[in-house]
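Welcome, and thanks for taking a look at this one with me. Please keep the structure open beside you while you go through the points below.

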Amino acid sequence: MSTQTPDYDPATFEAAAQTYWREQKVFEVTEDSERPKFYCLTMFPYPSGKLHMGHVRNYTLGDVIARHKRMCGYNVLQPMGWDSFGLPAENAAIANRTPPAQWTYANIDHMRGQFESLGMAFDWSRELTTCKPDYYRWEQWFFTRLVDKGLAYKKNATVNWDPVDQTVLANEQVVDGRGWRSGAPVERREIAQWFIKTTDYAQEMLDALDTLDWPDAVKTMQRNWIGRSEGLSITFDVSGSDEQITVYTTRPDTLMGASYLAVAPEHPLVDAQLDSNPDLAKFVAECRSSTVSEAVLEAQDKAGCPLGLTVDHPLTGEPLPVWVANFVLMGYGTGAVMSVPAHDQRDWEFAGKYGLPIPQVITPADGAEVDISEGAYTERGLLINSGEFDRLDFDAAFAAIATKLEADGRAQRQVNFRLRDWGVSRQRYWGCPIPMIHDAEHGEVPAEEFPVTLPEELAPDGSGSPLKDYAPFVETTSPKTGEPAKRETDTFDTFFESSWYYARFCSPGNDQAMLDERAKYWLPVDQYIGGVEHATMHLMYARFFHKAMRDEGLVDCDEPFARYLPQGMVLGDCYFRDNAKGGKDYFAPDEVDITRDDKGRVVAATAKADGQPVVVGPQEKMSKSKRNGVDPQDAVAAVGADAVRLFAMFAAPPDQTLVWSDAGLEGASRFLKRYWRLVQAIVAGDLPGKELAAADVRRKLHETIAKVGDDMGRRQSFNTAVAALMELVNTLYKLDAADADAAAVARESLLAITQMLAPFSPHVTHAAWAALDGAGALEDAVWPEHDPALLVADTVEYMVQVNGKLRGRIAVPAEADKAAVEAAAVADENVLRHIDGKPLRRVIVVPGKLVNLVV
């Protein structure tokens with residue numbers, strides 16, 4: 001091979017390719033009825049200031065898919081924008097004493113440049129920024145449409161209050177009793193909130209999961225979150241009064257085992273008892289300072305206090321005490337539960353703690369004994385101690401008890417959902433203003449002019465939203481009366497903006513409507529990519545929003561995302577020393593010198609500052625707190641964007657955890673250099689190999705085309721696609737230069753390799769395509785097709801074992817029968833040596849794979 005070849009120079013390749021894409025507007029697309037469309041979208045980022053390796057992996061996944069589909073003949077849309085409202089900007093503004101808008105827009109400019117440096121094939125002409133009025137004006141308009149339809153409403157509600165971030169949190173945003181961003185203990189407060197009636201679409205969202213090409217685990221998470229159940233709504237009369245308590249139960253078969261009712265601290269019957277019961281007042285005050293997150297309440301110690309009331313059992317008339325319990329939520333169901341301690345473990349623990357009766361009314365159908373003193377029996381079975389219902393199984397008891405109570409007007413059959421209406425009010429500044437006006441005469445009135453613009457010049461100081469006291473925003477006139485009125489100062493939960501952005505990408509520049517006919521061309525998103533942590537918030541809200549937009553006539557499909565790929569995390573090495581406070585002081589990778597073993601694993605490290613040892617900890621998710629992140633720009637500067645992209649795709653399957661490895665990154669770079677040398681050799685007509693015939697190389701080429709196409713499309717197994725390309729490059733290095741067909745096969749192979757490698761490493765392949773005189777632009781080159789005839793091998797290789805141990809390999813004609821295969825196996829020189837004249841007792845032939853000779 002000639003050594004007179006242009007150097008592999010990533011910076012030169014990147015500049016040339018990116019300039020071409022930008023000047024030729026290669027990735028800007030419009031609707032085209034002549035080609036099938038493909039909308040590829042990766043969850044848009046929050047503009048935090050800089051990309052991390054998790055971003056790089058995520059967006060490279062989408063870019064590989066989009067580029068591949070384009071080469072397969074699709075009209076591909078891959079847009080990019082910014083989820084730019086939210087608390088991080090507000091917190092940065094508080095720290096820097098500047099308006100969050102300045103911080104946000106500066107970060108966007110920086111991150112846009114980072115994306116471009118990675119070679120992402122985004123249609124930047126559709127860029128949107130959710131904190132700009134030209135975007136959020138349309139969600140404000142749409143919200144007023146939801147208000148008009150009764151799908152949005154305001155009510156007092158017990159909420160999770162984050163005392164640090166000074167805002168309400170959705171239940172999903174409470175993690176182990178703390179705010180998901182601030183980490184502060186969450187409090188329970190009752191304030192007026194705006195809600196969206198997501199529950200109106202619960203059944204439809206549940207049913208439609210079966211139509212989606214999503215991972216089963218994600219669909220299961222959504223099914224569990226929606227939580228459909230069938231049961232009875234049962235009314236208990238409060239003894240000696242006209243008051244009633246209604247409960248919902250999925251186990252009416254256990255009704256005869258109810259020994260008490262538990263109500264939420266906020267239940268209407270509780271307030272009337274507080275003045276006369278100091279112990280109750282103290283207990284309720286303690287409860288109201290805790291979270292309303294169901295998961296947290298389920299895990300905490302169960303506590304209660306007698307309310308001082310009883311209710312009449314609807315079947316027997318017996319009095320049952322009513323308790324106020326810390327595990328009952330007013331926002332779930334009726335704020336009251338029927339407690340059956342013998343058949344519910346939580347109720348059993350509570351009853352045992354407070355000495356309440358535990359009557360057993362269910363026994364195993366197989367006659368097995370259960371000891372209720374050891375714990376609740378929660379399985380279905382046969383009824384006992386239940387009078388006329390004894391010996392009925394679950395279904396028969398459900399029907400019989402429901403029929404009797406319905407006849408008495410004390411119950412009705414009901415379908416319930418765990419899903420709650422979506423509370424969208426947030427008491428923060430940096431968000432989209434909720435477009436409502438408080439009219440003294442008419443109450444809450446929708447705005448009629450949009451946008452209701454957020455004043456961007458304000459600088460929050462941490463004491464709550466500055467909007468509340470900003471008269472130019474608050475003071476307005478009522479659209480109903482023209483009289484002075486006040487604007488709503490709450491802003492939307494930022495999930496509101498991310499619930500419909502995918503649709504707005506389809507109608508860029510339209511200042512007359514939220515969406516237009518272009519959205520009906522592009523939607524649904526064909527491939528959506530993003531973290532599985534969004535399974536029960538973003539993905540659920542977006543599905544609701546899409547169905548609501550459909551019912552408004554804005555879109556004509558039922559679901560926003562046809563196929564969903566949740567990418568795995570990126571892990572990095574951790575280095576630390578234990579400190580005197582019992583914590584850890586972490587070191588960044590560039591602050592330590594490391595020692596590796598012969599397999600490239602880190603086995604020791606010392607701090608560069610003092611030369612003393614540091615602990616090499618377990619690999620963990622890259623984060624600022626662990627200081628184990630790798631700056632993508634540093635990696636690009638070291639080995640080029642193509643190698644970074646290639647490593648991100650090769651190191652692990654897309655849905656699995658990726659462990660960052662400098663050695664792996666260097667390996668990706670070496671492969672690209674090897675590929676580039678091969679390009680230069682073939683351009684110069686200087687083929688390097690001697691071993692393989694052209695026909696064998698061509699067969700390998702078409703096997704690889706078939707495999708990579710399947711890996712890229714159906715399987716989405718990008719790591720194995722890269723491995724196949726690496727193997728093919730190695731094969732091409734062995735092509736016999738003396739073969740008459742060598743030059744033609746080499747060119748055919750390398751053109752195909754360049755096309756298949758282009759989605760992963762678009763810059764060097766852009767240069768290689770030009771060097772190889774490829775027809776037209778590489779980005780529009782048609783994905784190579786394999787020749788099925790070449791996948792049928794002339795010969796088949798068999799492994800030959802003697803008494804189960806590998807002793808040789810043979811190649812026989814593909815059409816050879818069993819006798820011919822056996823004959824070739826026993827004739828192999830090495831096999832003969834191990835048979836050593838011994839008689840054959842048995843010959844086992846596994847067609848196409850193996851011959852085992854038993855002697």
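Which residues does His343 touch, not counting residues up to four places away in sequence? The answer is in point 2, after a word on the model.

1. This is a predicted model, in which local features need pLDDT of at least 70 and side-chain atom pairs count only at pLDDT 80 or more, while totals for chains, interfaces and linings use all residues. Residues are numbered from 1 along each chain as its sequence is written, and side-chain values use heavy atoms, with hydrogens and water left out.

2. Let us begin with His343, found in the loop between β15 (336-339) and α11 (345-354). Helices (H or I, at least four residues) and strands (E, at least two) are DSSP runs, numbered from the N terminus. Leaving out residues up to four places away in sequence, His343 touches Thr254, Pro359, Gln360, Val361, Ile362, Ala376, Tyr377 and Thr378; contact here means heavy atoms within 4.5 Å. His343 counts as buried because its relative accessibility is 7%. Buried means under 20% relative accessible area, exposed over 50%, and partly exposed in between (1.4 Å probe, protein chains only).

3. Next, please look at the open sheet of 4 strands with the order β2-β1-β26-β27 and parallel pairing. Two strands pair if DSSP finds at least two bridges between them. At the edges are β2 (75-77) and β27 (564-565), each pairing on one side only. Strand β1 (residues 37-42) pairs with β2 in the parallel sense over 3 bridges, and Lys37 has Asn75 in β2 as its bridge partner. Helix α2 (residues 53-71) packs on this sheet and touches β1, β2, β26 (527-529) and β27, with a direction at about 170° to that of β1. For such values, axes are lines fitted to C-alpha atoms, for helices over the stretch in contact, and angles run from 0 to 180 degrees between N-to-C directions.

4. Helix α2 has a helix partner too. With helix α18 (residues 641-650), α2 packs at an angle of about 90°, the axes being 9 Å apart. The two helices α2 and α18 are therefore roughly perpendicular to each other; angles under 35 degrees count as roughly parallel, over 145 as roughly antiparallel, 65 to 115 as roughly perpendicular and the rest as oblique. From α2, Met53, Val56, Arg57, Thr60, Leu61, Asp63, Val64 and Arg67 meet Val644, Arg645, Ala648 and Met649 of α18. By class, the residues of this contact divide into 7 nonpolar, 1 polar and 4 charged (Ala, Val, Leu, Ile, Met, Phe, Trp, Tyr, Cys and Pro count as nonpolar, Asp, Glu, Lys and Arg as charged, and the others, Gly among them, as polar).

5. Another helix pair is α1 (residues 10-24) with α23 (residues 762-771), packed at about 85° with axes 8 Å apart. Helices α1 and α23 are therefore roughly perpendicular to each other. On the α1 side the contact is made by Phe13, Glu14, Ala17, Gln18, Tyr20 and Trp21, and on the α23 side by Pro762, His763, Val764, His766 and Ala767. The contact of α1 with α23 has 7 nonpolar, 3 polar and 1 charged residues.

6. There is also an open sheet of 4 strands in the order β22-β21-β24-β23, with antiparallel pairing. Strands β22 (443-446) and β23 (475-477) stand at its edges with a single partner strand each, so one side of each is left without a neighbour in the sheet. From one strand to the next the twist averages 45°. Within the sheet, 2 bridges join β21 (residues 436-439) to the antiparallel β24 (residues 484-487), and Ile437 stands opposite Arg487 in β24.

7. The peptide bond from Phe450 to Pro451 is cis, with omega near 5°, and Pro451 lies in the loop between β22 and α13 (471-474). Leu523 and Pro524 are also joined by a cis peptide bond, with omega about 5°. Gln716 has a positive phi near 50° though it is a residue other than glycine, and is buried, with a relative accessible area of 9%. Asp836, not a glycine either, has a positive phi of about 55°, and at 58% relative accessibility Asp836 counts as exposed.
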